[in-house]
Amino acid sequence: MRRLNGLDMPVIKFNIHDDKILQQKVPADGFKGPAYMVSNFYVDINQFSSISIPIESNVRKPVDNTAATQAIKDTIGNKSSQTRFWALNGGLVIVAKHATVNAGKISIEIPPKYGLINGGHTQLAIKNALKEHGAANVLVRVEVISGTFDDGEIAAIAEAR
């Protein structure tokens, strides 16, 4: 947890699979912030047993026992399909203030109103599946868009995604 302008800001840390991450600076055109970075990487699914990404900015609040969450849990629980989870699921998209990579780990600073903008059902289904099933060699795709966004910009990104 970090404090920014008097507010608590969770810092989420992931171990990056095989220390491989694709990071791309993207133009700030159309947004108010000075610069943006998009980071794409994969993580072992078991990290989600201790990580919860805030979902305040997500357009749809996740609900368990939908067809989508059940399909995700079924994929994770099936030994023949769980190793293909990275291809069978869209993963998670997070808007963060900062993303710092160091020694195979990424630290993501998530102030209020930032967070998981796509993948709320995925995060919920993963957490519930991990309670019921063991999961080995299961990778989850994560995309982090980091920079300074106002509330309207975060809402527009979340709605578009």
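Modeller: Buried means under 20% relative accessible area, exposed over 50%, and partly exposed in between (1.4 Å probe, protein chains only). Ser 57, in this structure, is buried, with a relative accessible area of 11%. The model is predicted, so local features need pLDDT of at least 70 and side-chain atom pairs count only at pLDDT 80 or more, while totals for chains, interfaces and linings use all residues. Residues are numbered from 1 along each chain as its sequence is written, and side-chain values use heavy atoms, with hydrogens and water left out.

Colleague: Where is the place of Ser 57, and with which residues is Ser 57 in contact, leaving aside its neighbours within four places in sequence?

Modeller: Ser 57 sits in the loop between β5 and α1 (67–77); helices (H or I, at least four residues) and strands (E, at least two) are DSSP runs, numbered from the N terminus. With neighbours within four places in sequence set aside, the contacts of Ser 57 (heavy atoms within 4.5 Å) are Lys 113, Tyr 114, Gly 115, Leu 116, Ile 117, Ile 154 and Ala 158.

Colleague: In what order do the five strands of the open sheet stand, and which strands are at the edges?

Modeller: Strands of a sheet pair through backbone hydrogen bonds, either parallel or antiparallel, and two strands are taken as a pair if DSSP finds at least two bridges between them. The order in this open sheet is β4-β5-β10-β6-β9, and the pairing is mixed. β4 (21–26) and β9 (115–118) are the edge strands, and each has a single partner strand, so one side of each is left without a neighbour in the sheet. Neighbouring strands are turned by 25° against each other on average, direction ignored, where axes are lines fitted to C-alpha atoms (for helices over the stretch in contact) and angles between N-to-C directions run from 0 to 180 degrees.

Colleague: How many bridges join β5 to β10, how many join β6 to β10, and over how many do β6 and β9 pair?

Modeller: β5 and β10 run antiparallel and are joined by eight bridges, with Val 43 having Val 140 in β10 as its bridge partner. β6 and β10, in turn, run parallel and are joined by five bridges, and here Ile 94 has Val 144 of β10 as its bridge partner. β6 and β9 pair in the antiparallel sense over three bridges, one place to look being Val 93, whose bridge partner in β9 is Asn 118.

Colleague: Which strands do helix α3 and helix α4 lie across?

Modeller: Helix α3 (residues 120–132) lies across β6, β9 and β10 (139–146), and it runs at about 110° to β9. Helix α4 (residues 151–160) lies across β5 (36–44), β6, β9 and β10, running at about 40° to β9. Several residues of α3 are buried, among them His 121, Gln 123, Ile 126 and Leu 130, and the elements that cover the buried residues of α3 include α1, α2 (85–88), β6, β9 and β10.

Colleague: Which residues have the most contacts inside the largest nonpolar core?

Modeller: A nonpolar core is a set of buried Ala, Val, Leu, Ile, Met, Phe, Trp, Tyr and Cys residues joined through side-chain atoms within 4.5 Å. The largest one here has 40 residues, and those with the most contacts inside it are Phe 14, Phe 41, Phe 48, Ile 53, Ile 94 and Ile 108. Strand β6 (residues 92–96) gives the largest share of this core, five residues. Beyond its neighbours within four places in sequence, Ile 53 has contacts that include Phe 14, Phe 48, Leu 92, Ile 94 and Ile 110.

Colleague: How many salt bridges does a search of the whole structure find, and with which residue does Asp 150 form one?

Modeller: A salt bridge is a side-chain nitrogen of Lys or Arg within 4 Å of a carboxyl oxygen of Asp or Glu, and the search finds five of them. Asp 150 forms one with Lys 32, with the closest N and O atoms 2.5 Å apart. Asp 150 belongs to the loop between β10 and α4 and Lys 32 to the loop between β4 and β5, so this pair ties together parts that are 118 residues apart in sequence. Asp 150 is partly exposed at 26% relative accessibility, whereas Lys 32 is exposed at 68%.

Colleague: With which residue does Lys 113 form a salt bridge?

Modeller: Lys 113 forms a salt bridge with Asp 151, with 3.0 Å between the closest N and O atoms. Lys 113 lies in the loop between β8 (105–109) and β9, and Asp 151 lies in helix α4, so the pair ties together parts that are 38 residues apart in sequence. Elsewhere, salt bridges that share partners join Arg 141, Glu 143 and Arg 161 into one network.
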